[in-house]
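Please look at the sequence and the 3D view before reading on.

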Amino acid sequence: MVGGVIEKRVMIQRASFVVACREQLSALCNAWAKLYIDVTMTDLPTLLEQVRHCTICADNLPLGPRPVVQLGTRSRILIAGQAPGRKVHESGIAFDDASGERLRRWMGVSPETFHDADKVSILPMGFCYPGKGKSGDLPPRPECAPQWRARLLSHLGKLEMTLVIGQYAMDYHLPGRKQSVTEAVRQWRRSWPAVVPMPHPSPRNNRWLGNNPWFEQELVPELQNKIAELLQCQSDACG
Ligand code: SF4
């Protein structure tokens with residue numbers, strides 16, 4: 001009699017345990033499914049609209065949020081930059097400044113091509129102007145990349161080349177990097193042409209460029225050739 005009661009209790013406990021497990025598993029599955037859908041399925045216009053209205057780190061932005069991104073699902077080239085400067089914040093146009101002029105020269109493209117989202121996507125590590133520090137602009141806001149970057153990148157299925165500009169973009173796009181920025185750029189052939197580590201084109205980097213003439217002598221001509229090939233291929237609809 002006692003044995004029968006114990007057996008019944010064990011059976012009830014086991015059944016409740018199985019139900020609890022199923023519920024937990026189902027909740028976990030639902031959470032993963034939601035995350036998966038969120039990360040991969042949100043259509044690009046909806047996602048860009050969400051970015052446009054983002055205020056996540058508004059309290060830390062001296063001029064308030066104004067995300068500056070350029071994204072097109074057909075683009076084969078991505079520029080992974082740092083964060084907009086003040087001038088870009090005011091115009092709302094990516095690289096609409098002296099850095100952009102130099103970057104376009106390095107790439108060998110016109111402003112029209114550069115600002116055509118079907119050809120070039122531009123995703124800085126922080127989308128809004130972060131303000132000024134003691135020596136130049138502050139780093140990109142750390143909240144931005146975890147919130148938006150993977151979801152936006154998931155829409156760039158045709159990428160063949162990512163220009164990774166400066167330390168913060170290298171930390172993300174060259175994970176596990178041990179070298180300095182200069183060394184990473186010097187070893188550009190290692191990940192060529194998929195990932196191209198580059199110095200920031202800002203006039204503040206004139207001294208770096210003077211100390212490292214090989215960058216403009218060796219990397220830049222190869223970069224221009226490859227970009228011309230990618231753009232030509234795109235207009236011929238090859239590949
Ligand atoms: S920097 Fe990024 S996270 Fe911060 S408000 Fe702008 S879009 Fe949002």
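## Ligand shell

The ligand is surrounded by 15 residues, the closest being Cys-54, Ile-56, Cys-57, Cys-128 and Cys-144. A residue is near a molecule if its C-beta atom, placed from the backbone, lies within 6 Å of it. By class, the shell holds ten nonpolar, three polar and two charged residues. Here Ala, Val, Leu, Ile, Met, Phe, Trp, Tyr, Cys and Pro count as nonpolar, Asp, Glu, Lys and Arg as charged, and the others, Gly among them, as polar.

The model is predicted: local features need pLDDT of at least 70, side-chain atom pairs count only at pLDDT 80 or more, and totals for chains, interfaces and linings use all residues. Residues are numbered from 1 along each chain as its sequence is written.

## Chain overview

The chain has ten helices and six strands. Helices (H or I, at least four residues) and strands (E, at least two) are DSSP runs, numbered from the N terminus. Of its 239 residues, 27% count as buried. Buried means 20 or more other C-beta atoms within 10 Å of the residue's own, exposed means 12 or fewer, and partly exposed lies in between; C-beta atoms are placed from the backbone. Among contacts with a separation of 6 or more, 71% join residues 24 or more positions apart. Two residues are in contact if their C-beta atoms, placed from the backbone, lie within 7 Å.

## The sheet

Four strands form an open sheet in the order β2-β1-β5-β6, with parallel pairing. The edges are β2 (120–122) and β6 (195–198), each pairing on one side only. Neighbouring strands are turned by 20° against each other on average, direction ignored. Two strands pair if DSSP finds at least two bridges between them. Strand β1 (residues 77–80) pairs with β2 in the parallel sense over three bridges. Ile-79 has Ile-122 in β2 as its bridge partner.

Helix α7 (residues 166–173) packs on this sheet and touches β1, β5 (161–165) and β6. Its direction makes about 130° with that of β5. Axes are lines fitted to C-alpha atoms, for helices over the stretch in contact, and angles run from 0 to 180 degrees between N-to-C directions.

Which residues of α4 and α6 are buried? The table lists them.

| Helix | Buried residues |
|---|---|
| α4 (residues 98–107) | Ser-99, Gly-100, Leu-103, Trp-106, Met-107 |
| α6 (residues 144–153) | Cys-144, Ala-145, Trp-148, Leu-152 |

The buried residues of α6 pack against α2 (44–52) and α7. Just after α4, Gly-108 takes a positive phi of about 75°.

## Two single residues

Met-170 lies in helix α7. Met-170 is buried because 22 other C-beta atoms lie within 10 Å. Leaving out residues up to four places away in sequence, Met-170 touches Val-164, Arg-177, Val-181, Ala-184 and Pro-197.

His-115 sits in the loop between α5 (111–114) and β2. With 18 C-beta neighbours inside 10 Å, His-115 counts as partly exposed. His-115 and Asp-96 are 19 residues apart in sequence and 9.7 Å apart in space, C-alpha to C-alpha.
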